[in-house]
Amino acid sequence: MSTNEAFIKFISSQLKKPTTFDEQIEKLKKRNLIIENENFAREILKRINYYYITGYLHDFKIKKTDCYIEGLTFNHIYRIIKFDMRLRSILLYAMEIIERNLKTTIAYYFSHDYPEGNISYLYDRDFNDKDKHSKFIDYVKKNIENNEELPFIQHHKLNYQGYYPIWVAIEVFTLENLENFYSLLNTKVQKKIAKDFNCTKIQMESWLEAMRRFRNMLAHDTRLYNSKVIFTPAKKKEYNITTYKIFDYVLVMKFLMLDKEEWNNRVILDIKNVFEEFKTDININCIGFPNNWEEILKNN
């Protein structure tokens, strides 16, 4: 046996072994979870990873045991997972609009306020933190390479020797890129951008970090229900309460979404409808939403 093979076998021996769908059902039953319909549970386990499901079960464990609270059913947990899926799709939709708002605003003020603002983002001439700028540009170039099949990238590659004005390049920026780019800008431009979102420079810095973190949660299918957030974004004085739940991030989304009509008549309405659909399965306080959440989130 080769050294490498022995190492693989050793590591494998230290981890749990794979289980069949039937074995997974038996494990859940032994932990006091009520399985109303084993055929239904088996079909769900074929579509949703057992490990993912147990993440939702964690909060229902009896302390210092592997057993779940009395009366807990598989169907109830599945309904919570479905609630998360529906809510996630609504928030991803809103996040997409917010990213568009941020990209447009940041590119506009940079291009108009910096000399040679169409292309000077590429060079450290106008940036105080040269090292941070260098790392930022490395990521931007990598993003362009990873998206070179896009028509607008191809167009500039063929017609402009691969130089991309900021309003082109920013289309492939991630939220982390936007966060880093904003931090590199001079204070005057930072304040202009923040003013468009009716906030301070410090608030904008905090909100960009919050959106980057929340975008990752949404994109990577992280559990939303009863999930604690470790970063608390800056507040506005009219609602200075921290829930340590996703409501803290959703409140920031309200401020960053410039299309108030879409926020009020689509996003809030969709959230309300999902809450109504799953009202017997979930407690909105578990995602930090207070009872008067509509009043708080409405964008006047």
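Q: What makes the charged end of R266 count as sitting over the ring of Y93?
A: A charge sits over a ring if NZ of Lys or CZ of Arg is within 6 Å of the ring centre and within 35 degrees of the ring normal. The charged end of R266 is 4.2 Å from the centre of the Y93 ring and is counted as over that ring. R223 is likewise placed over the ring of Y56, at 5.9 Å from its centre. This is a predicted model, where local features need pLDDT of at least 70, side-chain atom pairs count only at pLDDT 80 or more, and totals for chains, interfaces and linings use all residues. Residues are numbered from 1 along each chain as its sequence is written, and side-chain values use heavy atoms, with hydrogens and water left out.

Q: Why is the pair of F110 and Y114 called stacked?
A: Rings of Phe, Tyr and Trp (its six-membered ring) pair if their centres lie within 6.5 Å; planes under 30 degrees apart count as stacked, over 60 as edge-to-face and the rest as tilted. By this rule there are 21 aromatic pairs. The centres of F110 and Y114 are 4.4 Å apart and their planes meet at 25°, so the pair is stacked.

Q: How do you know whether F110 is buried or exposed?
A: Buried means under 20% relative accessible area (1.4 Å probe, protein chains only). F110 has 0% relative accessibility, so F110 counts as buried. Y114, at 5%, is buried too.

Q: What makes F136 and F181 a stacked pair?
A: Their ring centres are 5.2 Å apart and the planes are at 5°, so the pair is stacked. Both F136 and F181 are buried.

Note on methods
Buried < 20%, exposed > 50% of the residue type's maximum accessible area, 1.4 Å probe, protein only.
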